[in-house]
Amino acid sequence: MELKANNISFSYNKNRHILKDASISVESNQIIGLMGDSGSGKSTLCKILSGYISNYTGEVTLDGKPIPDKDFYPVQLIFQHPEKTMNPKWKMEKVLNESWQVSQELKDTFGLKDSWLTRWPSELSGGELQRFSILRALNPKTKFIIADEISTMLDAVTQVQIWEALISHCKANNIGILAVSHDPELLEVFCDDILKFDEINNL
Amino acid sequence: MSETPWYNRGLFSSLNLRQKTLLTICLTASVLLIIFICGTLINANLPTDFTIKMQPPSFEHPFGTDWMGRDMLIRTIKGLSLSIIIGIGASIISSIIAIILAFIASMNSKCDEFVSWLIDLFASIPHILLIMMISISLGKGAFGVIMAVAFSHWVNLTRVLRAEVLQINTSEYVALSKRFGKSRFWIAKEHILPLVLSQIFVGTLLVFPHAIMHESSVTFLGFGLSPHEPAIGIILSESMTYLAMGAWWLAFFPGVALLIVVLLFDIIGDNLKRLYDPSEANK
């Protein structure tokens with residue numbers, strides 16, 4: 001499968017474009033890294049690819065076909081700040097199983113403790129919450145994962161743990177990853193190819 | 001904090017703020033419950049006994065008796081329980097209206113504009129006028145008053161809920177839920193409702209005092225409950241005739257009792273708000 005974005009242009013206000021004719025393509029057996037400066041529009045591109053922003057020009061296709069918006073979206077975005085993506089009045093168990101019934105095996109690979117499930121989001125640390133937000137994005141219907149700086153606030157050990165678990169699951173299930181980061185060393189470790197955001201964005 | 005409230009002094013000083021808040025809620029709620037239960041159990045069709053008519057307050061008749069020799073304490077309690085029933089009906093109906101309208105407002109910007117317009121429209125009409133008109137057109141009586149108060153008091157809660165829902169709808173977890181393919185109704189039920197439940201609860205309780213006051217005033221003016229029911233408004237308007245003759249107890253005690261009931265509801269509402277929103281308590 002191939003996730004392809006063709007000639008994407010987008011602007012938050014009329015006068016200043018943030019994306020201009022940007023194109024990117026990810027195969028489902030690939031891990032592509034994307035690097036760029038702060039505020040250059042990486043996250044905006046991520047949101048367009050995963051369907052959060054719809055008023056752009058250009059097209060996003062999955063195997064040449066446009067992605068239907070109504071049902072489960074096969075391109076899932078994992079946010080930089082997991083605490084904002086969880087309803088503060090939900091227990092973690094409900095948060096985890098919102099998109100699908102996560103298997104025990106997967107919980108173990110990501111080091112998710114059962115005692116966390118009965119707590120509120122505000123009672124867990126950023127690293128613990130990020131495991132939850134990754135797990136719930138790994139729905140069987142997910143074809144691509146967009147990881148928007150998912151490990152920036154984690155220490156080196158936790159970063160490795162989380163990435164290893166995520167990559168091994170994606171390799172096994174043929175899920176493509178677009179990893180966005182500031183950190184070239186991190187991307188060089190596991191990416192098949194690293195793209196510079198300035199080069200794909202014709203601004 | 002030079003001024004400490006009553007529950008911070010003496011007997012209750014060993015409790016923490018949360019326990020005190022709970023205690024206050026329990027005490028006020030039980031007082032209201034006792035009034036309500038007594039009122040429903042009492043038969044208010046008191047026999048007229050002209051040998052004890054127009055007696056000032058005594059140990060036998062703490063609130064005095066009226067011009068037909070009926071005990072005013074019993075009539076007042078019956079009137080208060082009637083007020084509480086009307087309060088319950090009106091605040092529940094007005095909350096339902098508020099929830100529905102807030103949900104409609106969250107659909108799209110056109111609906112939102114319509115609901116905002118409706119809020120402005122109803123907020124611009126004087127309450128008492130609106131209540132009188134609705135009550136008359138629905139044939140007065142308890143039903144008319146409940147509907148009238150409900151249809152004039154949904155405005156505040158709707159305004160609060162609309163703003164809350166707008167804010168929640170822009171959050172990342174709602175956006176994420178949509179990407180998971182969840183329906184709009186599912187999101188409203190699972191994501192938004194738990195977050196606004198406390199607002200709904202407090203909002204409903206805070207309509208109570210308004211409902212009771214408006215019920216009495218509209219009944220006093222003759223557009224509410226029918227005269228044979230011993231509502232506080234009826235008691236007060238009847239007492240007007242005898243005030244000039246010095247029968248002050250006919251108006252004084254029922255009026256004070258009404259004020260106390262309203263205050264009790266207000267105390268419950270404020271304390272519940274503190275429980276649900278602790279940041280509010282520090283203001």
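**Close-up 1. Where helix α4(B) meets helix α8(B) in this predicted model****.** Here is the contact in residue detail: from α4(B) come B:His127, B:Ile128, B:Ile131, B:Met132 and B:Ser135, and they meet B:His214, B:Ser217 and B:Val218 of α8(B).

**Close-up 2. The crossing of α4(B) and α8(B)****.** Stepping back from the side chains, we can follow the two helix axes. Helix α4 of chain B spans residues 127-137 and helix α8 of chain B spans residues 184-220. Their axes come within 10 Å and cross at roughly 65 degrees. Because angles of 65 to 115 degrees count as roughly perpendicular, α4(B) is described as roughly perpendicular to α8(B). The crossing of this pair is right-handed.

**Close-up 3. The open sheet of chain A****.** Now over to chain A, where four strands line up in the order β2-β1-β4-β5 with antiparallel pairing. At the edges sit β2 (19-27) and β5 (65-66) of chain A, each pairing on one side only. Helix α1 of chain A, residues 42-49, packs on this sheet and touches β1, β2 and β4 of chain A. The direction of α1(A) makes about 125 degrees with that of β1(A).

**Close-up 4. Strands β1 and β4 of chain A, joined by bridges****.** Zooming in on this pair, we find β1 (residues 2-10) and β4 (residues 57-62) of chain A running antiparallel, with five bridges between them. Which residue of β4(A) is the bridge partner of A:Leu3? That partner is A:Leu62.

Key
Residues numbered from 1 in each chain as written. Chains lettered and ligands numbered in written order. Predicted model: local features only at pLDDT ≥ 70, side-chain atom pairs only at ≥ 80, totals over all residues. Pairing = 2+ DSSP bridges. Contact = placed C-beta atoms within 7 Å. Axes fitted to C-alpha atoms, helices over the stretch in contact; angles between N-to-C directions. Parallel < 35°, antiparallel > 145°, perpendicular 65-115°, else oblique. Left-handed = near helix turned anticlockwise from the far one by under 90°.
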